[in-house]
Amino acid sequence: MTKTADDANNMTTMKALVFHGPNSLALEDRPKPTLIEATDAIVRITTTSICGTDLHILKGDVPTITDGRILGHEGVGMIEEVGTNVLGFHKGDKVIISLITSCGRCSFCKKAMYSHCLNGGWRLGNSIDGTQAEYVRIPFADTGLHLLPPGVDEEAAVMLSCILPTGLECGALNGQVKPGDIVAIVGAGPVGLAALLAAQLYSPAEIIMIDLDENRLEVARSFGATRIVNSSEGKAAERVMALTQAAGVDVAIEAVGLSATFDICQAIIAPGGRIANVGVHGKSVELHLERLWASNITLTTRLVDAGTTPMLLRMIQSGRLDSKKLVSHRFELSKIMEAYHTFGNATKERALKVVIKNAPSRTKL
Ligand SMILES: NC(=O)c1ccc[n+]([C@@H]2O[C@H](COP(=O)([O-])OP(=O)(O)OC[C@H]3O[C@@H](n4cnc5c(N)ncnc54)[C@H](O)[C@@H]3O)[C@@H](O)[C@H]2O)c1
Ligand SMILES: [Zn+2]
Ligand SMILES: [Zn+2]
């Protein structure tokens, strides 16, 4: 017999994707989360996804994540329960979950650096259990959730949890993309593609997309990249320099998280240019100050704050931003191991963003 939403709500256990150390994941039965603080909400997840950061976690690149943690920091769902101090949300509201937990009161929140909130930050699927499950506990629900407006597609909306604000804040805004700029984005995964969509809002003259994956590069071209460069022969920097008549690029956005891709950014940045690092790095990189010391460049790093999510949501609502086109595959939660395999073998599987539907049987997949 298939479970209905009401059956699922009455159960005390749930299915969840649990991390057991590098390269070890399992779909397990775990206790359903309950309210701990009066500012918490419990959300029944209907759509979640896998981020490139989850792949870094699997490789062991994020040491804060310990054995037994439920992964996932992206999600859309329905509120099942709220604590007595949650003022802006009620049971039954459909919500977008921000990957960033923020108290709204600490010194970093006051500076809009929510990712460094002294009582929060990136906690979901990191220091507390995350969204790749049937239910999740959201601390500081008033700031960590956004109402999903009627008519906004859930798959488009789940891109607002992490990748769209990341592409905009860590990529386009930190890189200060301006009209007429030449921009290079290294990495055409979902985050690089989100940076491509975000950069276009600022009217650059050229966007050069660099990746090893021909399918993702072709997708990038269809999303508006003016040039694509396949870096599989190790000649990406030379190709970009040739494409720019040896001038280099005004903005280089690193959206992979490897020393090789950071090196491409350092090799192609023009004097006065901005390197915006987005990728999560598990190993150190070499900073080539012997070449760059006199180049007047700016290097930025950032953990996404997700303060731009309401603005991006309005752009999706108005039709100005089409984030649903980032989705390539759909799975049920029971098939999440397959979803990880597909996303982790993106070239072979021709995968972009994979979404996981966690709705009871009445939602058609
Ligand atoms: N700073 C933040 O707050 C933040 C937030 C979210 C994601 N991230 C990071 O952004 C990065 C991208 O995320 P994603 O979901 O797109 O990941 P992904 O793994 O799907 O994409 C990475 C892309 O890099 C490409 N790549 C790998 N090696 C390359 C090389 N040598 N040259 C060119 N391209 C190469 C791959 O082919 C792939 O398309 C990850 O490091 C992720 O952890 C950072
Ligand atoms: Zn993410
Ligand atoms: Zn705070």
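Biologist: What makes strand E3 and strand E5 a pair, and in which sense do they run?

Modeller: In this predicted model, strand E3 (residues 41-49) and strand E5 (residues 75-82) share seven bridges and run in the antiparallel sense. Two strands pair if at least two bridges are found between them, so E3 and E5, with seven bridges, count as paired. Within this pairing, Arg-44 has Met-78 of E5 as its bridge partner.

Biologist: Which strand is joined to E5 by four bridges?

Modeller: That strand is E6 (residues 94-97), and E5 and E6 run antiparallel. Val-76 finds its bridge partner in E6 at Ile-96.

Biologist: How do you know that E3 pairs with E9?

Modeller: Four bridges join E3 to E9, and the two run antiparallel. The requirement is at least two bridges, so the pairing holds. One of the bridges links Ala-41 to Ile-138 in E9.

Biologist: Which residues of strand E9 point one way, and which the other way?

Modeller: Tyr-135 and Arg-137 point one way from strand E9 (residues 135-138), whereas Val-136 and Ile-138 point the other way. All of these residues are buried. In a regular strand, side chains alternate between the two faces of the sheet.

Biologist: Why are strand E2 and strand E4 said to stand at the edges?

Modeller: The open sheet has three strands in the order E2-E1-E4, with antiparallel pairing. Strand E2 (25-31) and strand E4 (69-70) each have a single partner strand, so one side of each is left without a neighbour in the sheet. E2 is joined to strand E1 (residues 13-19) by seven bridges, and Lys-15 has Asp-29 in E2 as its bridge partner.

Biologist: Where are the domains placed in the chain, and what separates their centres?

Modeller: Domain 1 comprises 5-162 + 306-357, and domain 2 comprises 165-300. Their centres, taken over C-alpha atoms, are separated by 27 Å.

Biologist: How many residues of each domain are in contact with the other?

Modeller: On the side of domain 1 there are 19 residues, in contact with 16 residues of domain 2. Helix H2 (52-59), helix H12 (309-317) and helix H14 (346-349) each supply at least two residues of that side of domain 1. H2 gives the most, with four residues. By class, the side of domain 1 that touches domain 2 has nine nonpolar, six polar and four charged residues.

Biologist: Why is Gly-192 called buried?

Modeller: Gly-192 has 28 other C-beta atoms within 10 Å. Gly-192 is found in helix H7 and, leaving aside neighbours within four places in sequence, is in contact with Ile-185, Gly-187 and Ala-255.

Biologist: What makes Ala-276 count as buried or exposed?

Modeller: Ala-276 has 28 C-beta neighbours inside 10 Å; as 20 or more are required, Ala-276 counts as buried. Ala-276 lies in strand E15 (residues 269-277). Leaving aside neighbours within four places in sequence, its contacts are Cys-170, Gly-171, Asn-174, Gly-175, Val-251, Ile-253 and Thr-300.

Biologist: How do you know that both domains give residues to the shell around ligand 1?

Modeller: The shell draws at least three residues from each of domain 1 and domain 2. In total, 34 residues surround ligand 1, and the closest are Gly-52, Gly-189, Val-191, Gly-257 and Val-280. H2 gives the most to this shell, with four residues. By class, the shell has 19 nonpolar, 11 polar and four charged residues.

How values were computed: Residues numbered from 1 in each chain as written. Chains lettered and ligands numbered in written order. Predicted model: local features only at pLDDT ≥ 70, side-chain atom pairs only at ≥ 80, totals over all residues. Domains from an automatic or database assignment. Contact = placed C-beta atoms within 7 Å. Nonpolar A, V, L, I, M, F, W, Y, C, P; charged D, E, K, R; others polar. Buried ≥ 20, exposed ≤ 12 C-beta atoms within 10 Å, placed from the backbone. Near = placed C-beta within 6 Å.
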